[in-house]
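Have the sequence and the 3D view open side by side as you read.

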Amino acid sequence: MSTVTLPEGPTTPRLLQSAQLLLDRNRTMRRLRGRYGSAFMVQMPVFGRTLVLSDPREVKQLFQTSPELADTIDANLGSVLGPGSMFALEGQEHRRQRKLLTPPFHGRRLKVYEELIEREAVLEMATWPEVREFPTMDSMMRITLNAILRTVFGADGAELDELRRLLPGMVTLGSRLAVVPVPRNLPGRYAPWKRFEAQRARYDAIVDRLIDQALRDPDLDGRQDVLSMMLQATYDDGTAMSRSDVADQLLTMLSAGHETTATTLAWTVERLRRHPDVLRRLVEEVDAGGSELRQAALIEVQRVRPVIDLTARQVRAESLTLGRWSLPRGQTVLVSIALMHADEELFENAATFDPDRFVGARPDTYGWIPFGGGVRRCIGAAFATMELDVVLRTLLRDFTLLPTDQPDESWHSRGIAIAPGRKGLAVVRRRATGDSPASTAPAVVSA
């Protein structure tokens, strides 16, 4: 076995380190990088003593490492989402599920979903107040939840209403349980894990009904929702997914694609209101039927305000050499997405919000990583990218978003996701036909 070689890190008590990360992960990570460099050891909640990486070369090597040598960590979202979740599966079983689930989120399938997502956005935005400040994140949550329930779950009627009521609270609680070390055996029916397990039982019952309805549908072959495709798909050996695996994967898709997309949209509002020149150009572009700057702006929002700021692996081999370091079996490794995206080596003037850096240029696969990387990269990345574009296009087309000179909103941890501290405050006016872009709008100063 190779000699273990790990970087330095703080020597303060474990509980203090964990508390600092729970209270302000972003600021703590930046402070540690400033002190120790692009790699350091830290005591993480749930994960324990963890290696944090942000060197582009070492991160690329980790993402290219075989899953037999380094794969998903034991303590992760899989413990919340279920053993059939992509977050819990390893090795051959992970590859098998990924092959089965990738097709619905690519190619012509995405075009089918665009109209539905735009319709959900129009319906929700019709409720927005005019010329009065309001937080956009809750509204974006409803848009992305309804979109996923229809496109992925194929839900409608009573099941749609039940899932709308159940899932927001369930996902929020599960997200927190995944990163906060709460014992599972706390007494009382209202203990966090007991509440989550009760919510999960209700969810499983609803999914069972949706599966029964789909299997009874004589037009199952003609349906476009992901659930119906999962029920018809088979592995290479001809077997189908079990009901429990279907339920776990549906919950995984919702958890990975609902809150994260909505939070990115709230950050987009927050960033654009503070960059009126970019906002004006975006409105001009949408009026002309273009999309290049809009797509670049969304890439830049995800760079400067990554909603998921960490992605993880655990060493499976007896030892693993990674750049400057030699890691023992079982070592947890976290890639800091936020620190990577703030790296001047990768992005010149990294602290500046500048969508033009991505106009006509695609981001580097191993430098811009809001969806993770390697074999664990999010399979719904193309779907999320399309949804972000459709919702932002609809907003810019139908509303004038008024700029502001207020300070940036702070980074607020919601467990897994990092959200704007004031939920992406906006002030809008509905656009009349022939309205000019937002360049003529005055700055708005909130009280």
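This is a predicted model: local features need pLDDT of at least 70, side-chain atom pairs count only at pLDDT 80 or more; totals for chains, interfaces and linings use all residues.

Is R281 buried, exposed or partly exposed? R281 is partly exposed, because its relative accessible area is 26%, which lies between the cut-offs of 20% and 50%.

The average pLDDT of the protein is 89, and 95% of the residues score at least 70. One stretch calls for care: over residues 438-442 pLDDT stays under 50. For that stretch the model has 8 contacts beyond four places in sequence.

## The nonpolar cores

The largest nonpolar core holds 86 residues. Within this core, M140, L149, F153, L163, L167, Y203 and L250 touch the most other members. Helix α8, residues 157-179, gives the most to the core, with 9 residues. There is also a second, separate core of 18 residues, with V59, F63, L320 and M340 among its members.

Setting aside neighbours within four places in sequence, its contacts include I148, L163, Y203, V207 and L210. F153 is also in contact with D225, L227, L250, L251 and L254.

## Salt bridges across the chain

Side chains of opposite charge can pair when their charged atoms come close. In this model the count of salt bridges comes to 43. To return to R281, its partner is D356, with the closest N and O atoms 2.9 Å apart. This pair links distant parts of the chain, 75 residues apart: R281 belongs to helix α13 (residues 276-287), while D356 sits in the loop between α15 and α16. D356 counts as partly exposed, at 35% relative accessibility.

A second pair is E159 with R209, whose side chains meet at 3.1 Å, N to O. E159 lies in helix α8 and R209 in helix α9, 50 residues apart. E159 is buried, with a relative accessible area of 9%, whereas R209 is partly exposed at 31%.

R95 and E68 also form a salt bridge, at 3.5 Å from N to O. Here helix α5 (residues 91-101) supplies R95, and the loop between α3 and β3 supplies E68, 27 residues apart. R95 is partly exposed at 38% relative accessibility, and E68 is partly exposed too, at 47%.

## A charged network

Finally, take a look at E270, R271, R274, R305 and D408. These residues are linked in a network of salt bridges.

Notes. Residues are numbered from 1 along each chain as its sequence is written. Side-chain values use heavy atoms; hydrogens and water are left out. A nonpolar core is a set of buried Ala, Val, Leu, Ile, Met, Phe, Trp, Tyr and Cys residues joined through side-chain atoms within 4.5 Å. Buried means under 20% relative accessible area, exposed over 50%, partly exposed in between (1.4 Å probe, protein chains only). Helices (H or I, at least four residues) and strands (E, at least two) are DSSP runs, numbered from the N terminus. Contact means heavy atoms within 4.5 Å. pLDDT is the predictor's confidence in each residue, from 0 to 100. A salt bridge is a side-chain nitrogen of Lys or Arg within 4 Å of a carboxyl oxygen of Asp or Glu.
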